[in-house]
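Dear colleague,

I am handing over the structure below, and I would be glad if you could look through it before reading my notes.

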Amino acid sequence: MPKTPKSAEHSSQVIALETPTPEPSLLTLGKPLKVLITRPKAKAQQLALLLNQQGIANTSQTLFDYQSNASANDICTALAHADILIFVSVAAVEFTHASYPLNNKVCRKFFAVGNATKQALQAIGITSVISPPPQQEHSEGILKLPQLAQVTGKKVVIIRGNGGREHIADCLRQRGANVSYVESYLRVWRTLAINIAEQWRAQQINCIVVTSNDILLALVKYLVSTSDNADNYWQCQCLWLVVSDRIERNAQTLGLTRVINSHSASAQILSETLQTLSGS
């Protein structure tokens, strides 16, 4: 992993969404914005469409694919007598529903970490779904919901992929809930070309969208640890657009100095942030 630059000129600069006009020094001066989207395929296509409409150059590179990981019996057993279901992603909804069709009778309360996940639940007929507001679409945001403040004795099932943060479960257990998981899908990481950093430099990529800490760590490995990075381009010149305070902090710890926090993984908010950065 890269070392955090020590010189004053490489000190971290972080711009939050609330800042109306990012500092010019954050941009690669004299060059238009060229964005690398690293989201899963469907979400990458959604963001790319919005950027294309804005005339912002972009390319997509999905870093992992999904595959099913839970049988109908596994899911049925886990969901039995559940009081609360929390879905952490669109994939969690889709893979669970494909194995074990969901309906309003499965549980009394459905929660989604973000609006896209909420829409996925509504698309399969779940009529009442609770989710945090647009700029709080993350673990901390869902834990602030008043409907999860009093959960003593409640059976909560978190539906996700393999691995991930334990923050929601830990906090709900502290509040007295009985928490378990359904890991309805697996992430299968792709192997990228050994010279991928050079390929993206040739494409003049100067902004990378990062929507999870796992993606951030994988990118740092590909771009910094395994490439000829003599000019510290990826750490010190490239913009990194992240979606939460946690990813922002980790990016700084890894030595990335031009970090912008949208505080949301919403495609609309990401595109608006990039539009502001592009000056269009």
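In what follows, helices (H or I, at least four residues) and strands (E, at least two) are DSSP runs, numbered from the N terminus. Please keep in mind throughout that this is a predicted model.

I begin with two histidines. Histidine 263, which lies in the loop between β12 (258-261) and α11 (267-278), has a positive phi of about 60° although it is not a glycine. Histidine 81, in the loop between α2 (72-79) and β5, likewise is not a glycine and yet has a positive phi, of about 65°. Which of these is buried, and which is exposed? Histidine 263 is buried, because its relative accessible area is 16% and buried means under 20%, whereas Histidine 81 is exposed, with a relative accessible area of 73%.

Turning to the strands, there is an open sheet of six, in the order β4-β9-β8-β5-β6-β7 and with mixed pairing; β4 (64-68) and β7 (129-130) are its edge strands, each of them pairing on one side only. Within this sheet, β5 and β6 (residues 109-112) pair in the parallel sense over four bridges, and phenylalanine 87 has alanine 112 of β6 as its bridge partner.

As for the helices, α2 lies across β5, β8 and β9 and runs at about 150° to β8, while α4 (residues 115-123) lies across β5, β6 and β7 and runs at about 140° to β6. In α6 (residues 167-174), the buried residues are Ile168, Ala169, Cys171 and Leu172, and their cover includes β5 (84-87), α5 (139-143), β8 (155-161) and β9 (178-189).

Terms used
Residues are numbered from 1 along each chain as its sequence is written. This is a predicted model: local features need pLDDT of at least 70, side-chain atom pairs count only at pLDDT 80 or more; totals for chains, interfaces and linings use all residues. Side-chain values use heavy atoms; hydrogens and water are left out. Buried means under 20% relative accessible area, exposed over 50%, partly exposed in between (1.4 Å probe, protein chains only). Contact means heavy atoms within 4.5 Å. Two strands pair if DSSP finds at least two bridges between them. Axes are lines fitted to C-alpha atoms, for helices over the stretch in contact, and angles run from 0 to 180 degrees between N-to-C directions.
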